[in-house]
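Thanks, everyone. I have one structure to go through today, so please look at the screen.

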Amino acid sequence: MELAQLKYFQVMANIRHFTRAARMLDVTQPALSRSMAKLEKDLEIPLFKRHEGEIELTSEGERLLRRVDRILREVDSAREEASSARAEVSTEFKLSFIHSLGSYVLPHILQDFRASFPDIRVQLNQQDSSTLAQQVAAGETDLGLCSTIPTTEYSAWVYLWSEELFVTVPLGHPFADRKRINLRELEDEPLIAMKSSYSLRILVDQFFDLAGIHPEITFEGDDVSTISGLVAAGLGVSLLPKLAGVEHPELRYIPVSFPICKRAVGVAWNTQRQLPPAAICFQQFLIRRFDNTEKPLPTN
């Protein structure tokens with residue numbers, strides 16, 4: 001028994017004429033007759049009484065019609081739900097992200113995501129870490145791409161990848177040819193850093209606390225590109241990730257021997273809000289993307 005047979009039977013049962021039913025179904029009358037005969041054979045019951053082109057339903061046919069009506073209604077309902085689900089996924093969601101991800105990493109992620117899900121629209125919102133965490137907690141954004149944020153009963157954060165932070169100095173600096181450096185050696189160096197509300201700055205302060213030093217901060221900036229440019233101009237040193245797209249040939253990036261300087265990046269969301277299907281789609285895309293790549297472990 002096939003779904004097409006049931007549809008043919010429903011039309012036949014309502015029109016009760018082979019020729020008119022075949023015309024409505026856009027099949028030949030012999031094909032329709034063979035389909036109905038096969039259905040009767042499969043069920044081993046007579047469904048029609050035939051009278052010179054006109055037909056009547058047998059009592060068995062009447063009972064089958066009631067069941068077929070219910071079956072086809074369920075099929076139509078399932079199709080509508082599937083269509084609705086596809087329409088929902090093809091909507092949009094809000095994504096907030098920290099400034100340092102906007103120059104290179106995020107554009108590549110979004111480019112790959114759009115290639116797989118061209119119908120999903122992403123509303124982008126660039127924020128400092130503090131504001132982004134507040135947006136997640138308040139449900140003002142669907143997802144936040146950021147460094148670690150405090151998780152509460154209203155928010156969650158899942159690790160995606162980690163980035164090493166380097167002591168960044170200009171060419172000609174006494175440290176420029178070093179292979180590795182202890183963070184304590186920066187104690188007397190003028191430091192250029194992100195503003196205090198940024199997660200990168202919070203991490204940098206923590207690393208200097210571990211090293212037991214507090215260099216003088218000569219400038220606080222809003223983005224890695226500006227800080228890199230000021231370091232390249234010889235106005236100070238910094239502790240930065242080495243980001244493709246924000247490279248300066250006038251800079252040297254020196255790995256830190258102590259303490260280990262890395263930042264974890266992940267995706268955050270509000271656990272009390274129902275995420276839009278499009279946001280769930282992007283969230284799972286991120287998790288799969290970075291789960292399938294070899295990445296360093298996050299630092300504690």
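This is a predicted model: local features need pLDDT of at least 70, side-chain atom pairs count only at pLDDT 80 or more; totals for chains, interfaces and linings use all residues.

Residues are numbered from 1 along each chain as its sequence is written, and side-chain values use heavy atoms, with hydrogens and water left out.

Helices (H or I, at least four residues) and strands (E, at least two) are DSSP runs, numbered from the N terminus. Helix H5, residues 105-116, packs against helix H9, residues 277-291, at an angle of about 110 degrees, with the axes 11 Å apart. Axes are lines fitted to C-alpha atoms, for helices over the stretch in contact, and angles run from 0 to 180 degrees between N-to-C directions. H5 is therefore roughly perpendicular to H9, a term covering 65 to 115 degrees.

Which residues of H5 make the contact (heavy atoms within 4.5 Å)? They are His108, Ile109, Leu110, Asp112 and Phe113. On H9 the contact residues include Cys281, Phe282 and Phe285.

Now the cores: sets of buried Ala, Val, Leu, Ile, Met, Phe, Trp, Tyr and Cys residues joined through side-chain atoms within 4.5 Å, with buried meaning under 20% relative accessible area (1.4 Å probe, protein chains only). The largest has 34 residues, and Phe93, Ile109, Leu143, Leu145 and Phe282 have the most contacts inside it. H9 gives the most to this core, with 7 residues. Apart from it lies another core of 33 residues, among them Ala193 and Leu243.

Key. Angles under 35 degrees count as roughly parallel, over 145 as roughly antiparallel, 65 to 115 as roughly perpendicular and the rest as oblique. Contact means heavy atoms within 4.5 Å. Buried means under 20% relative accessible area, exposed over 50%, partly exposed in between (1.4 Å probe, protein chains only).
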